[in-house]
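Here is a friendly walk through the fold, meant to be read with the model open beside you. Please start by turning the structure slowly on your screen, then follow the points below.

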Amino acid sequence: MIPRVLLGTAQVPGGGDLRLLQRGAEFSIMLGANELMNSRLSGSEEALAEQACDRTGARPGVRMLIGGLGMGFTLRAALARLGADAEVAVAEIVPAVVEWARGPMAALHGDSLTDPRTRIFEGDVAAAIADGEWDAILLDVDNGPDGISRPGNDRLYGASGLARARAALRPGGVLAVWSSAPSKPFARRLDEAGFAVDEIVARATRKGGARHVIWFATKA
């Protein structure tokens, strides 16, 4: 059995340590005993970007904000779908995740970080949301509204956070939220915030795997 090798650690604002591990060609990022992402499991993160682009990509000069760089699956999928005049901002609160993307995981990220449409913002996605007007805001900063692993992320999913996201969207803009599991209370909050909500199930890989949930909430 190929052992896991620890490539790096990083402090998460608010507490906790991220660990980047490698086993052969496979990478994983852990927070404590919780695996936040794995390089073999990209299907639902790609679906997050692809379906958001399908809902907004026909517009000229699309401005998209992605909360969380992770392993770059969502960013790469967005760049593949959007036109040359798009702007894709990625907010990543842990600087080491960006360093890992340019270092040990550079081959995984390809040329996505040097693409002229990409802008990396090292900071809290909540601050980047306030910078909008956005055509799409994609949130994959945790395990979902009921799977908070970083204190402070819960404010993104509450009524006030949803109101701020809605205010930062252009008319017809989309707030897309990834989750490892369903959440009826969160779906209800999206509706109460004035969004038209479409909830889909996406698999962890193109061939199957765990079922994840993505909400696409459109500002009328």
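This is a predicted model: local features need pLDDT of at least 70, side-chain atom pairs count only at pLDDT 80 or more; totals for chains, interfaces and linings use all residues.

- β1 and β2 (residues 17–23) run antiparallel and are joined by six bridges; for Gly-8, the bridge partner in β2 is Leu-20.
- Six bridges also join β2 to β3, again in the antiparallel sense, with Glu-26 of β3 as the bridge partner of Arg-23.
- β2 and β3 make a hairpin with two residues between the strands, where Gly-24 takes a positive phi near 65°.
- β3 and β4 pair over four bridges, also antiparallel, and here Leu-31 stands opposite Asn-34 of β4.

**A closer look at β3**

- How many of the six residues of β3 are buried? Six of the six are, so this strand is largely enclosed by the rest of the structure.
- In a regular strand, side chains alternate between the two faces of the sheet.
- In β3, Glu-26, Ser-28 and Met-30 point one way, while Phe-27, Ile-29 and Leu-31 point the other way, and all of them are buried.
- Helix α3 (residues 95–102) has Ala-96, Val-97, Val-98, Trp-100 and Ala-101 as its buried residues.
- Those buried residues of α3 pack against β1, β2 and β3 (26–31), as well as α4 (106–109) and β7.

**The seven-strand sheet**

- A second open sheet to look at has seven strands with mixed pairing, in the order β7-β6-β5-β8-β9-β11-β10.
- β7 (118–121) and β10 (195–205) stand at its edges with a single partner strand each, so one side of each has no neighbour in the sheet.
- Neighbouring strands in this sheet are turned by 20° against each other on average, with direction ignored.
- β5 (residues 63–67) runs parallel to β8 (residues 134–139), and four bridges join them; Gly-67 has Leu-139 as its bridge partner in β8.
- β5 also pairs with β6 in the parallel sense, over five bridges, and Ile-66 stands opposite Val-90 of β6.
- Is β5 enclosed or open to the outside? Five of the five residues of β5 are buried, so the strand is largely enclosed by the rest of the structure.
- Both faces of β5 are covered, with Arg-63, Leu-65 and Gly-67 buried on one side and Met-64 and Ile-66 buried on the other.

**The α1 and α2 pair**

- Two packed helices are described by the angle between their axes and the distance between the axes.
- Helix α1 (residues 43–56) packs with helix α2 (residues 73–81) at an angle of about 30°, and their axes are 7 Å apart.
- Angles under 35 degrees count as roughly parallel, and α1 and α2 are therefore roughly parallel to each other.
- Their crossing is right-handed.
- From α1, the contact is made by Glu-45, Glu-46, Leu-48, Ala-49, Glu-50, Cys-53 and Asp-54, and from α2 by Phe-73, Thr-74, Ala-77, Ala-78 and Arg-81.
- By class, this contact of α1 with α2 has six nonpolar, one polar and five charged residues.
- α2 also lies across β5, β6 (87–91), β7 and β8, and runs at about 165° to β5.

- Leu-190 lies in helix α8 (residues 184–192).
- Why does Leu-190 count as buried? The cut-off is under 20% relative accessible area, and Leu-190 counts as buried because its relative accessibility is 0%.
- Leaving aside residues up to four places away in sequence, Leu-190 touches Leu-162, Leu-175, Phe-195, Val-197, Trp-215 and Ala-217.
- Leu-190 and Asp-85 are 105 residues apart in sequence, and their C-alpha atoms are 30 Å apart in space.

Definitions and conventions
Residues are numbered from 1 along each chain as its sequence is written. Side-chain values use heavy atoms; hydrogens and water are left out. Two strands pair if DSSP finds at least two bridges between them. Axes are lines fitted to C-alpha atoms, for helices over the stretch in contact, and angles run from 0 to 180 degrees between N-to-C directions. Angles under 35 degrees count as roughly parallel, over 145 as roughly antiparallel, 65 to 115 as roughly perpendicular and the rest as oblique. A crossing is left-handed if the near helix is turned anticlockwise from the far one by less than a right angle, and right-handed if clockwise. Contact means heavy atoms within 4.5 Å. Ala, Val, Leu, Ile, Met, Phe, Trp, Tyr, Cys and Pro count as nonpolar, Asp, Glu, Lys and Arg as charged, and the others, Gly among them, as polar. Buried means under 20% relative accessible area, exposed over 50%, partly exposed in between (1.4 Å probe, protein chains only).
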